[in-house]
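Let's take a walk through this structure together. Have the sequence and the 3D view open, and we'll go from whole chains down to single residues.

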There are 4 protein chains.
Amino acid sequence: MMISFESDYIAGAHPMILQRLVETNMESTKGYGFDCYSESAKEKIKKACGREDVEVEFLVGGTQTNAVVISTMLSDEEGVIAAKTGHINGHEAGAVEYTGHKVLEVPQEKGKLQVADVKQLIEDFYGDDNHDHMVFPGMVYISHPTEYGTLYTKEELTALSELCHSYEIPLFMDGARLGYGLMSRDTDVTLQDIANLCDVFYIGGTKVGALCGEAVVFTGNCRPRHFMTSVKKRGALLAKGRLMGVQFDTLFTDDLYFEISKHAIDKAEELKQMIHQLGLEFFLESPTNQQFVILENNQMETLKEKVRFGFWEKYDDDHTVVRFATSWSTTEDDMKALRQALQTL
Amino acid sequence: MMISFESDYIAGAHPMILQRLVETNMESTKGYGFDCYSESAKEKIKKACGREDVEVEFLVGGTQTNAVVISTMLSDEEGVIAAKTGHINGHEAGAVEYTGHKVLEVPQEKGKLQVADVKQLIEDFYGDDNHDHMVFPGMVYISHPTEYGTLYTKEELTALSELCHSYEIPLFMDGARLGYGLMSRDTDVTLQDIANLCDVFYIGGTKVGALCGEAVVFTGNCRPRHFMTSVKKRGALLAKGRLMGVQFDTLFTDDLYFEISKHAIDKAEELKQMIHQLGLEFFLESPTNQQFVILENNQMETLKEKVRFGFWEKYDDDHTVVRFATSWSTTEDDMKALRQALQTL
Amino acid sequence: MMISFESDYIAGAHPMILQRLVETNMESTKGYGFDCYSESAKEKIKKACGREDVEVEFLVGGTQTNAVVISTMLSDEEGVIAAKTGHINGHEAGAVEYTGHKVLEVPQEKGKLQVADVKQLIEDFYGDDNHDHMVFPGMVYISHPTEYGTLYTKEELTALSELCHSYEIPLFMDGARLGYGLMSRDTDVTLQDIANLCDVFYIGGTKVGALCGEAVVFTGNCRPRHFMTSVKKRGALLAKGRLMGVQFDTLFTDDLYFEISKHAIDKAEELKQMIHQLGLEFFLESPTNQQFVILENNQMETLKEKVRFGFWEKYDDDHTVVRFATSWSTTEDDMKALRQALQTL
Amino acid sequence: MMISFESDYIAGAHPMILQRLVETNMESTKGYGFDCYSESAKEKIKKACGREDVEVEFLVGGTQTNAVVISTMLSDEEGVIAAKTGHINGHEAGAVEYTGHKVLEVPQEKGKLQVADVKQLIEDFYGDDNHDHMVFPGMVYISHPTEYGTLYTKEELTALSELCHSYEIPLFMDGARLGYGLMSRDTDVTLQDIANLCDVFYIGGTKVGALCGEAVVFTGNCRPRHFMTSVKKRGALLAKGRLMGVQFDTLFTDDLYFEISKHAIDKAEELKQMIHQLGLEFFLESPTNQQFVILENNQMETLKEKVRFGFWEKYDDDHTVVRFATSWSTTEDDMKALRQALQTL
């Protein structure tokens, strides 16, 4: 089988998750998330967040989670501010707009929103005499790590949080790859910080060791009323909620989530060194598990025969940006095979 | 642990499914359903349907599937005809309406649409001079088995199919419990019949042995264009599509899907006999895995301490209708324990 | 030109309205309803309602008004209760569902909701253990006069109002033909009563003498926040709001609205007498401006050549129900011509 | 009364329109646009377009028209390309997103889309391996005149049209101020050109002499099926369609629409000369009826006491961009008063 650095969702689930699914399989439980495993997982996540006043809900995938959270938290007249490169803006097929809300696009730097840009948008809005004809800024969406693998600093997050709170709008963090952000060697942001600075965020499972599943954390009692019914209305309620429960319960037992995330980071650091040693050019060297490299088009074609990787974007007529992603499932053998393939380009 | 006849989604997955998930777990595959297991599962389902011109797509759950199929197949001016008791009409939190389409409610008998009623609605519509101000009948939705466990005969299905085709609207079958319908001792309808008579239908996994997943079958090239993008737009695209692929591939290997459905039917027949022997009163004795019994309220309270079952509806001030559901996971011990509990009422 | 009893929107506007439009035409005003005529009209309507704590907003047409009011007042998990024959349920092309909300259908008697039926629906909902999977009853919609020209009594309205308030959901009255209801000889309900018993209602202009326009009255500060932006978002904000302002200002000057409504009622009473004298059979003899008569099909065809009237529904193979509507614009000559035409059937 | 250059919708309707409304007022007509005036207006507009294969439909206002046209012509997976400054993107409260579709934002120059930018967006989309996860470019929206009063040349329109057709997506022109564009002294684009180059466009009434109303022109049989029902579903169907019919019939009799547009242009040219003579600085000197001038903030405050004008945007801490709009209703006296007010700044 061809080795793959195509994404962080190429393998199944961490083996301990499968083991727990097998062990609990024949137990009969209540449906729709009222099972004991979901309850236990929620408690463990609360504890990891270091706050008692949070509520945890499980959803199946990232796009679904973004659409559900955004559409249930926005008021009718509001839209959500996001970076031009934000996942909701470019790569979710218009799922937010499908719920009837606009994504208010703001420039980005390496995938990150700049506080000044967000401030400008909000101030321009309220400074405009005609703003009743415009979409109200009703939420700020950030991804952490971003689509480019970059991370917000604690200072940046704090500034965004303060800005949001001064306008009484929630700060929402898409943490589809949160584990990889938390275990980065270049971050000063902890899960507790996030729970303190964001109003709502999610801890990604799909890309960090689960078969599927995202754990949404609402802080400060901001969970929408009748959230379960709204989830059902959006076709997002899982009958066998235990599937989420068992997975997240396992991920948050004995720090498994953090350990497997660290593994991916270690492999990413190796990968970065390898790229440097081989004299290849970075498009963007990130502090997390995604690395963006510029390849000559013919190199790219050669490499394709041995390794799966992600197409990112055209660089110029002769070059292409490609993405290599490590994950919890990246092995030593994968790394060796990649080195070999890259060496012979 | 308390025994449960509460529903057919109280247990995990059939053990062979879990085994295959474990076996394939560390293989790296493409995402979003482009993996080899999804491909294989689709081929097996096609074969089981006995038609080459069908296309199979996997979605996660029943409400999601109903909303995705209905909203992508209806035109702007159209709504979907359903029985008053149809799942989409009463128990999906308005998921169809959330997509901007009306459910056109029609009376029912034991959960089933009557051809004459559907015909009446359509003829009244086209006979009304003002019908441009009304919602066009654009699809007929049926569940098989219905919410009451009842089944359409081949004759009834044929009549509905002919009616739909004479008005050029699709017939859509919600087969969340399809296996139990196909294995009923009182049916003359096969999977091939369904593939021939319906334009689109789904083979339920969640309630028939899978952790999650429904296999939608479009016949005669009626799959909407760019269906994958529409699925993504509705937050319903699973990154690790292999989770569906492996499950349905297993279910459609060596007739597992049919075998485990037959098991549930055998247990249901035992259950029906037991109810009769114990002199309890049926509200509705169905040919599939759901049985509806009238209990005195104090009997119901007593029973609750030993067995989990479904509350269905108030019968009168002193009686309640409750539901017992068997499934692929019902054991001989469950049956014994239930008999014991019912005997001592 | 053929005489017409087809509907109450066959003519332009009451001549005094056109006169005021001409007189004020060249004045320059602010847009979007911030003109002096809209302000004046709102004040006059407040006064007519006999309450200071109401807010008035103008919209263009009935279906638009229903969709805007319902979708801005419902919460995400809620739907609106309406009679099976309610305008929003059958004759607005699914405009409510287009906003993502379900119409919860309830039986009717002569177009009217029965308090007991509404109560039953709400109690069944809260009594159902699975109600989190269902659409919450979030509003009660009534039309007054109904689609059959019938009227609620003060006692009935009071009971509906009390029921709604006991569940903390708003009572919404569609008053597209409100004037004809208020001026009926068989009503004990005044505009003040309506303002006291309903949370939101509208005073129809389109069918009662205006070119277009409906005046929505919110009582008790229940107008949604940023209502103007929500109206704009639904494409319902008129740039030249003065068109509404001038019309309603005229209608609510010197009781014009009530006078012209009374004219229609007087003509309707004449019409009812005429039907009786001619020995024609009523399908429904209403206390307002719409009368429903059963004609033999060949009579109907003959009549069509001389008079325009509304097709209502097939009665049996040989008979049809037709509607005659009087309005503010019905003349003595119209009445004579109708009598002549009916006599010669 | 204070003179106003605030917008082109400050007055009522052109007097000949009101006169025709008065003359036809008591005639009884069919509703919903099936009256003889609507029919006549449609024929006259067809003739003015110089094409037989166009279909004309009337809607009430601009935002409504944009939302209805875009949402009925796009497929589920598609969004609409627009300039960042396009009216639908910034000043319609998210009305397009409310219909479930994304606005795909592209840079602009003086309010105009550049063909190269549109081409880039479409090519990038189809060149992206992951485009099934993205919103398909499904239509190009332009306004003509733009929000800055600027105009496309025939060459530019032709290039956009060819680009659209090469990708089989419609070109949609928002002509809310179309008359002022057609009568500009600096345009080579005629109404016939527009009918030949655009797939759908509208002829604005609200801002060009009508009380309300926009005439949508579909070319080449691209009108959506059951358009009337879709319009009703969006709450946009006017019961007294004659209000549109009479207005557009008058506007397209004896070239009234063009004459009154030319009047506004003549006044705008006078205004431009005046601004130059008085040594004021243009932010943008447009070829149509909107002119953008930079004023010192204290000048602006002084001017406010004598003249109404539009706030456009902050220029810097000491200056503001304001808009003066002429229209069909601008009088010689208005011009004199404005000159006097500007002279004394």
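**From chains to residues**

100% of the interface residues of chain D are also interface residues in chain A, so the copies meet through the same surface. Before going on, a word on what you're looking at. This is a predicted model, where local features need pLDDT of at least 70 and side-chain atom pairs count only at pLDDT 80 or more, while totals for chains, interfaces and linings use all residues. Residues are numbered from 1 along each chain as its sequence is written, and chains are lettered from A and ligands numbered from 1 in the order in which they are written.

Let's begin with how the copies are arranged. Two copies of a chain are related by a rotation about an axis and a shift along it. (Copies are superposed by least squares on the C-alpha atoms of residues with pLDDT of at least 70 in both.) Now try chain D on chain C: a rotation of 180° with 0.0 Å of shift along its axis superposes them, with an RMSD of 0.0 Å. For this pair too, 100% of the interface residues of chain D are also interface residues in chain C, so the copies meet through the same surface.

What does chain D put into its contact with chain C? Chain D brings 45 residues and chain C brings 45 residues, where two residues are in contact if their C-beta atoms, placed from the backbone, lie within 7 Å. On the chain D side, the elements that give two or more residues are helices H1 (15-24), H3 (62-73), H5 (95-98), H10 (227-233) and H11 (242-251). H1(D) gives the most, with five residues. These labels come from DSSP runs numbered from the N terminus: helices are H or I runs of at least four residues, and strands are E runs of at least two. Sorted by class, that side of chain D has 22 nonpolar, 16 polar and seven charged residues. (Ala, Val, Leu, Ile, Met, Phe, Trp, Tyr, Cys and Pro count as nonpolar, Asp, Glu, Lys and Arg as charged, and the others, Gly among them, as polar.)

Chain D also touches chain A, and that contact takes 20 residues from chain D and 20 residues from chain A. On the chain D side, H5 and strand S12 (310-316) are the elements that give two or more residues. The residues on this side divide into five nonpolar, nine polar and six charged.

Next, look inside one chain. Chain A is divided into domain 1 (3-9 + 257-343) and domain 2 (23-255), with bounds that come from an automatic or database domain assignment. Their C-alpha centres lie 27 Å apart. Where they touch, domain 1 of chain A supplies 19 residues and domain 2 of chain A supplies 23. On the domain 1 side, helix H12 (256-277) and strand S10 (290-296) each supply at least two residues, and H12(A) gives the most, with nine.

Staying in chain A, find helix H11. Is it buried or exposed? 10 of the 10 residues of H11(A), residues 242-251, are buried, so it is largely enclosed by the rest of the structure. (A residue is buried if 20 or more other C-beta atoms lie within 10 Å of its own, exposed if 12 or fewer, and partly exposed in between; C-beta atoms are placed from the backbone.) The cover over H11(A) includes helices H1 (15-23) and H2 (36-49), strands S2 (54-59) and S8 (214-219), and H12 of chain A.

Over in chain C, Leu121(C) sits in helix H6. Leu121(C) is partly exposed, with 17 other C-beta atoms within 10 Å. Not counting residues up to four places away in sequence, Leu121(C) touches Ile81(C), Leu104(C), Val106(C) and Pro137(C).

Our last stop is Ile88(D), in helix H4 (residues 87-90) of chain D. Ile88(D) is buried, with 23 other C-beta atoms within 10 Å. Leaving out residues up to four places away in sequence, Ile88(D) touches Asn66(D), Ala82(D), Val96(D), Val103(D) and Tyr141(D).
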